[in-house]
Amino acid sequence: MTNAHTVARALRTRTLPMIVAPVAAGAALAYAHGFDFAWSWFAVTIVGAVALQLGSNALGDVADARSGADKLARVDRGAIATDPGLIESGQMSAREMLSLTAALYGVAVVCGVVLAIARGWLVLPLGVAGALLAWQYWWPPVKYGYRKRSVSTRSRYGRPSFPACS
Amino acid sequence: MSVVLFTHDLLHYRSDKAAGKLTPVARWGDEFGLIVVGGWLTLVYVVLTVEVAFKVFPVWTLAAVATAIPVAASWARAFRDSIVQNCLNLLGATLGAAVLTTMTIGLSLLFWR
């Protein structure tokens, strides 16, 4: 069974300041320029942004495990792997990671819809565009963050195998 | 924060490229990647200064410019020798500067109103 510590590693919770800080700074800027500040809406915004970021972290790990990027970063002596490597080590399955992603993206969608209804529709196109860009970076059909791997690449590093993803 | 994500790709750009992952650093290589990081960081501090000049942020937000010192030192070290340890130090310095700068902006704005 996957414990809380493993989930925290899977989501890379140490990246949280990177998403909380700009949202907080944006709220402070709006407050300083005379807009009303509501803690409740600020909390909903933070929860939505964090869910989107952590979900994208989890989705990226699945895609990197499937492509072999994680494994190659671990065997390259001149590299430092920045992902937790939980799928490769068998601590989490790709299916569990994808379920986590779906749950977090679901939370983000709920927050976005609530904010759009209560505070203004502009949040919806921005949120949808962000989510699509994050998703299609790793995932078909567009998968713009990757190109097709060449035979020479596989022969150089050996073809990675990923039992957790098969 | 975008420059932090960009810098983090320096740590494994060769393996990314080998796996077919087209991060900007994997496309352009570490040297050009570091030039982009340097230009980007410079732009961040220039824009911050311009924003203060146009009264978007209060003048004491400029205290955040002090965070450029460790970042510049780490960047120079990584540019001289782009071994992964130097890139890791640059990532740490950039992340620390990003969080400190954002905190400085946020706090100065709260006391400005």
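Student: Start with A:Asp76. Is A:Asp76 buried or exposed?

Tutor: Buried, because its relative accessibility is 14% and the cut-off for buried is under 20%. Keep in mind that this is a predicted model.

Student: Which residue forms a salt bridge with A:Asp76?

Tutor: B:Arg14 does. The closest N and O atoms are 3.7 Å apart. This pair crosses between chains. B:Arg14 sits in helix 2 of chain B. A:Asp76 is in the loop between helix 4 (69–75) and helix 5 (86–89) of chain A.

Student: And B:Arg14, how accessible is that one?

Tutor: Partly exposed, at 37% relative accessibility.

Student: How many salt bridges over all chains?

Tutor: Four. One of them joins A:Asp64 and B:Lys21, at 3.0 Å from N to O. That pair also crosses between chains. A:Asp64 is in helix 3 of chain A. B:Lys21 is in the loop between helix 2 (13–18) and helix 3 (24–28) of chain B.

Student: Are A:Asp64 and B:Lys21 buried or exposed?

Tutor: A:Asp64 is buried, with a relative accessible area of 7%. B:Lys21 is buried too, with 7%.

Student: What does A:Asp61 meet in a salt bridge?

Tutor: The side chain of A:Arg12, at 2.5 Å from N to O. A:Asp61 lies in helix 3 (residues 39–67) of chain A, and A:Arg12 in the loop between helix 1 (4–11) and helix 2 (16–32), so the pair ties together parts 49 residues apart in sequence. A:Asp61 is buried, at 3% relative accessible area.

Student: Switching to rings. How many aromatic pairs over all chains?

Tutor: Ten. Among them, A:Tyr137 and A:Trp138 pair edge-to-face, 5.3 Å centre to centre, with 90° between the planes. Both residues are buried.

Student: How is the B:Trp75 and B:Phe79 pair arranged?

Tutor: Stacked. The centres are 4.9 Å apart, with 10° between the planes. Both residues lie in helix 5 (residues 68–80) of chain B, four residues apart, about one turn of the helix.

Student: Which residues do ring pairs link into a cluster?

Tutor: A:Tyr31, A:Phe37, A:Trp39 and A:Phe42.

Student: Last one. What lies over the face of A:Tyr146?

Tutor: A:Lys143, at 5.3 Å from the ring centre.

Technical notes. Residues numbered from 1 in each chain as written. Chains lettered and ligands numbered in written order. Predicted model: local features only at pLDDT ≥ 70, side-chain atom pairs only at ≥ 80, totals over all residues. Heavy atoms only, no water. Phe/Tyr/Trp six-rings, centres within 6.5 Å; stacked < 30°, edge-to-face > 60°. Buried < 20%, exposed > 50% of the residue type's maximum accessible area, 1.4 Å probe, protein only. Helix = DSSP H or I, 4+ residues; strand = E, 2+ residues; numbered from the N terminus. Lys NZ or Arg CZ within 6 Å of the ring centre and 35° of its normal.
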